[in-house]
Amino acid sequence: QVHLTESGGGPVQAGDSLRLSCIDSGRTGTTYGTGWFRQPPGKEREFVAAIGWGGIATFYADSVKGRFAISRDNAKRTVELQMDSLKPEDTAVYFCVSTARPLYSGSDARRPNTYAYWGQGTQVTVSS
């Protein structure tokens, strides 16, 4: 049973940085894509970033491109999201996600139903 656990959320000021981490436990023997979605207050869940198994293919939402960076460590089964130059509109619950199979395309990366596994979420609050 795959279990995703996020950490690193919290309250920050606009312009600050924050680093989210996620540990994937229970996974055995497969290559998979992983990433992050977020749900702002009163809004739908939205794609943030994703990364393929090899760590080379990365995908970002336009709203975070240039400010956020996703990385992974397959030996540790972790994925991290470095968030710089945070804005109040980045306020959301951030969810770690992973697939049950390799991630091949940006269009797949942006679809919520691509991801078989979701974490419980971690709150990020950015004050102006």
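This is a predicted model: local features need pLDDT of at least 70, side-chain atom pairs count only at pLDDT 80 or more; totals for chains, interfaces and linings use all residues.
Student: Now the core. Which residues touch the most other members of the largest nonpolar core?

Tutor: Trp 36, Leu 81, Met 83 and Tyr 94, out of 32 residues in that core. Several strands give at least two residues each, among them strand 3 (18-25), strand 4 (34-39), strand 8 (78-83) and strand 9 (92-98).

Student: Which strand supplies the largest share?

Tutor: Strand 5, with five residues.

Student: What does Tyr 94 touch, leaving out residues up to four places away in sequence?

Tutor: Its partners include Leu 20, Trp 36, Val 48, Phe 68, Leu 81, Met 83 and Val 124. Glu 6 and Arg 38 are also among them.

Student: Switching to the whole chain: what's the radius of gyration?

Tutor: 14 Å, which agrees with the value near 14 Å that a compact globule of 128 residues would have. The C-alpha trace spans about 45 × 25 × 25 Å along its principal axes.

Student: How much of the chain is buried?

Tutor: Buried residues make up 45% of the 128. The chain exposes about 6,300 Å², and carbon and sulfur atoms supply 50% of that.

Student: And how far apart are the mean positions of the positive and negative charges?

Tutor: 5 Å, for 14 positive and 12 negative charges.

Conventions:
Residues are numbered from 1 along each chain as its sequence is written. Side-chain values use heavy atoms; hydrogens and water are left out. A nonpolar core is a set of buried Ala, Val, Leu, Ile, Met, Phe, Trp, Tyr and Cys residues joined through side-chain atoms within 4.5 Å. Buried means under 20% relative accessible area, exposed over 50%, partly exposed in between (1.4 Å probe, protein chains only). Helices (H or I, at least four residues) and strands (E, at least two) are DSSP runs, numbered from the N terminus. Contact means heavy atoms within 4.5 Å. The radius of gyration is taken over C-alpha atoms; the globule rule is 2.2 Å times the number of residues to the power 0.38. Accessible areas come from the Shrake-Rupley method with a 1.4 Å probe; for residues, only the protein chains shown count as cover. Lys and Arg count as positive and Asp and Glu as negative; His and the chain ends are not counted. The place of a charge is taken as NZ of Lys, CZ of Arg, CG of Asp or CD of Glu.
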